[in-house]
Amino acid sequence: VCALRRRYPDIVFPCLGLHPLDGTFDDEFWAETRRLIVEEHTSDGGGVAALGEIGLDFSRALVREQAAARGTSEEAVRAAQVAAFEAQVALALDLGV
């Protein structure tokens, strides 16, 4: 999508972020993801219209499935989603998007 933004800057406006069910949110992963989003937003011909798709998905069946797949608790899955959501909202505010 970022390459399309550079090719069609007047009609393509990307949203970048972590889906609530991505399941890969940790400090190291977020630092790299954040760096890439900021880099894209500040690059020539770049720009990020919004951070997305972000949010919280506490659907019991999905949370239970993720907890089992990760070998962790449902509460840990929910906590990771909240941390990812808060970090992305803070970044959106920092970038003014």
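User: Which residues are exposed on the other side of helix 3?

Analyst: This is a predicted model, in which local features need pLDDT of at least 70, side-chain atom pairs count only at pLDDT 80 or more, and totals for chains, interfaces and linings use all residues. Residues are numbered from 1 along each chain as its sequence is written, and side-chain values use heavy atoms, leaving out hydrogens and water. Exposed means over 50% relative accessible area, buried under 20%, and partly exposed in between (1.4 Å probe, protein chains only). Helices are DSSP runs (H or I, at least four residues), as are strands (E, at least two), numbered from the N terminus; on the other side of helix 3 the exposed residues are E65, A68 and A69.

User: Within what arc do the buried residues of helix 3 fall, seen down its axis?

Analyst: The buried residues of helix 3 are V63, Q66 and A67. The arc is taken over the directions from the helix axis to the C-beta atoms. These residues line one face of the helix, because they fall within an arc of 100 degrees.

User: Against which element do the buried residues of helix 3 pack?

Analyst: Contact here means heavy atoms within 4.5 Å. From helix 3, R60, V63, R64, Q66, A67 and R70 take part, and they meet E74, V77, R78, A80 and Q81 of the partner helix. The buried residues of helix 3 pack against helix 4.

User: How many nonpolar, polar and charged residues does the contact of helix 3 with helix 4 have?

Analyst: Ala, Val, Leu, Ile, Met, Phe, Trp, Tyr, Cys and Pro count as nonpolar, Asp, Glu, Lys and Arg as charged, and the others, Gly among them, as polar. By these classes the contact has 4 nonpolar, 2 polar and 5 charged residues.

User: At what angle do the axes of helix 3 and helix 4 cross?

Analyst: Axes are lines fitted to C-alpha atoms, for helices over the stretch in contact, and angles run from 0 to 180 degrees between N-to-C directions. Angles under 35 degrees count as roughly parallel, over 145 as roughly antiparallel, 65 to 115 as roughly perpendicular, and the rest as oblique. Helix 3 and helix 4 are therefore roughly perpendicular to each other. The axes of helix 3 (residues 60–70) and helix 4 (residues 74–95) come within 8 Å, and the crossing angle is roughly 105 degrees.

User: What is the relative accessibility of G71?

Analyst: G71 follows helix 3 and has a positive phi, near 70 degrees. G71 sits in the loop between helix 3 and helix 4. G71 counts as exposed because its relative accessibility is 66%.

User: Which residues does Q81 touch, not counting residues up to four places away in sequence?

Analyst: Q81 is placed in helix 4. Q81 is buried, with a relative accessible area of 3%. Not counting residues up to four places away in sequence, Q81 touches P20, L21, G55, L56, D57, F58, V63 and Q66.

User: What is the relative accessible area of L91?

Analyst: L91 also lies in helix 4. Not counting residues up to four places away in sequence, L91 touches W30, R34, I37, V38 and L51. L91 is buried, and its relative accessible area is 1%.

User: Which residues does the cis peptide bond join?

Analyst: E53, one partner of this bond, lies in the loop between strand 2 (50–51) and helix 3. With omega about 0 degrees, the cis peptide bond joins G52 and E53.
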